[in-house]
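Here is a short tour of one protein model. Keep the structure open beside the text and find each part as it comes up.

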Amino acid sequence: MPNERTELIFKDCGITLFGYYSHKTPVPAMSKHDHGSCYEICYMKNGIQPYYIYPPSDGDINAQMYNLHGGEVFITKPHECHSTGEFRQLRGHLYWIQLDESCPALLKQTPECSDFLKQELKSINRHLIRVPQSVSLQFTRAFDLMLNPNKSCMLRACEMLTLFILELADFNRKISDESSTHVSVSPEQMETMTFIQNNLFNEELDIDMIASHLNYSRARMMTLFKKEMGITVHEYILQSKINLACELLKTHSVTETAALLNFSSSQHLSKVFKEQTGLTPSQYIQINH
């Protein structure tokens, strides 16, 4: 099936873009850019997508990488540069909205409420936040309503988006008040992901090994991981290995990297690497030499 993409624009209420994509196959990487005076909020319904955020005036040296998983929200602020780096835009379903902070009636609110809404957006100090489905549904339903933009649908959609932003800011505050590191996934999936990250060099790493070590049944682990993360355990292992390969290729050959990560051959690594990033390892080395 072909990839799908829909984009909506409602500048009178500060929505410079409200979009949705369904990628059945990866598409080219998103280059470094910002959205001027707009906040961008992305909600990954399912799938996984790496993003990079670049600190002001530091070039690309101190770029911070974030992995957006199914059920998570990724936020960038006005004039904040970001990209997908060397990675393609991967398979999955994603909604995103760009909200212009210069709009005097953001989401059709009164000037006073609009200013409060902007302060709530400004208060969000995390780029990744996991939200419950009840909150994310406000975002996705607002998009569906705006596909038929009569007055009633628009008003309802704007109210849903307003509530979504207020709850998002509230989640951010609760995380900060707990004075703890934000865990964006359930403890069970975090344990699975941590085990995978710690064993990427282990030649015995596979689904059976993970399930056995963590004392999970294979079927339960695979089912819950796919349900929560939007991708399979196998896909997560490959994604993690390619993330690591990007670092290893800066100091190791393709053959050495393939051996370290236990790919069957350098050709196998090259195939998976290109599927994930759109580049061969040799092309990646040339660009980052």
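## Helix α1: two sides

The face of α1 turned away from its buried side carries two exposed residues, E112 and K122. Exposed means over 50% relative accessible area, buried means under 20%, and partly exposed is in between (1.4 Å probe, protein chains only). The model is a predicted one: local features need pLDDT of at least 70, side-chain atom pairs count only at pLDDT 80 or more, and totals for chains, interfaces and linings use all residues. Residues are numbered from 1 along each chain as its sequence is written, and side-chain values use heavy atoms, with hydrogens and water left out.

Helix α1 covers residues 111-123, 13 residues in all. From first C-alpha to last it reaches 18 Å, close to the 18 Å expected at 1.5 Å a residue. The expected span is 1.5 Å times one less than the number of residues. Helices (H or I, at least four residues) and strands (E, at least two) are DSSP runs, numbered from the N terminus. Which residues of α1 are buried? They are S114, L117, K118, E120 and L121. They cover an arc of only 155 degrees around the axis, so they sit on the same side of α1. The arc is that of the directions from the helix axis to the C-beta atoms.

## L166 in helix α3

L166 belongs to helix α3 (residues 151-177). Its relative accessibility is 28%, so L166 counts as partly exposed. Leave aside neighbours within four places in sequence, and L166 is in contact with F116, L117 and E120. Contact means heavy atoms within 4.5 Å.

Now look along the chain. L155 is eleven residues from L166, and their C-alpha atoms are separated by 17 Å.

## Helix α4 and its cover

Helix α4 (residues 187-198) has twelve residues. It reaches 16 Å from its first C-alpha to its last, close to the 16 Å expected. Its buried residues are E188, Q189, T192, M193, F195 and I196. Seen down the axis, these fall within an arc of 160 degrees, so they line one face of α4. On the other side, P187 and N198 are exposed.

What covers the buried residues of α4? The cover includes β4 (64-69), α5 (207-214), α6 (218-229) and α7.

The axes of α4 and α6 come within 10 Å and cross at roughly 105 degrees. The two helices are therefore roughly perpendicular. Axes are lines fitted to C-alpha atoms, for helices over the stretch in contact, and angles run from 0 to 180 degrees between N-to-C directions. Angles of 65 to 115 degrees count as roughly perpendicular, under 35 as roughly parallel, over 145 as roughly antiparallel, and the rest as oblique. In this contact, E188, Q189, T192 and M193 of α4 meet R220, M221, L224, F225, E228 and M229 of α6. By class, the contact has five nonpolar, two polar and three charged residues. Nonpolar covers Ala, Val, Leu, Ile, Met, Phe, Trp, Tyr, Cys and Pro; charged covers Asp, Glu, Lys and Arg; the others, Gly among them, are polar.

Next come α7 (residues 233-248) and α9 (residues 266-277). Their axes come within 10 Å and cross at roughly 95 degrees. That makes α7 roughly perpendicular to α9. L238, Q239, I242, A245 and C246 of α7 meet L269, V272, F273, Q276 and T277 of α9. Seven of the residues in this contact are nonpolar, three are polar and none is charged.

## Two strand residues

T76 is in strand β5 (residues 72-76). Is T76 buried or exposed? T76 is buried, with a relative accessible area of 1%. Not counting residues up to four places away in sequence, T76 touches C38, Y39, E40, I53 and H82.

K45 lies in strand β3 (residues 38-54). K45 is partly exposed, at 46%. Its contacts, leaving aside neighbours within four places, are G70, G71, H93 and Y95. K45 and T140 are 95 residues apart in sequence, yet 9.0 Å apart in space, C-alpha to C-alpha.

## Positive phi in two loops

Most residues other than glycine have a negative phi. H79 has a phi near 65 degrees, a positive value. H79 is in the loop between β5 and β6 (81-83) and is exposed, at 55% relative accessibility.

N262 also has a positive phi, of about 60 degrees, although it is not a glycine. N262 lies in the loop between α8 (254-260) and α9. At 31% relative accessibility, N262 counts as partly exposed.
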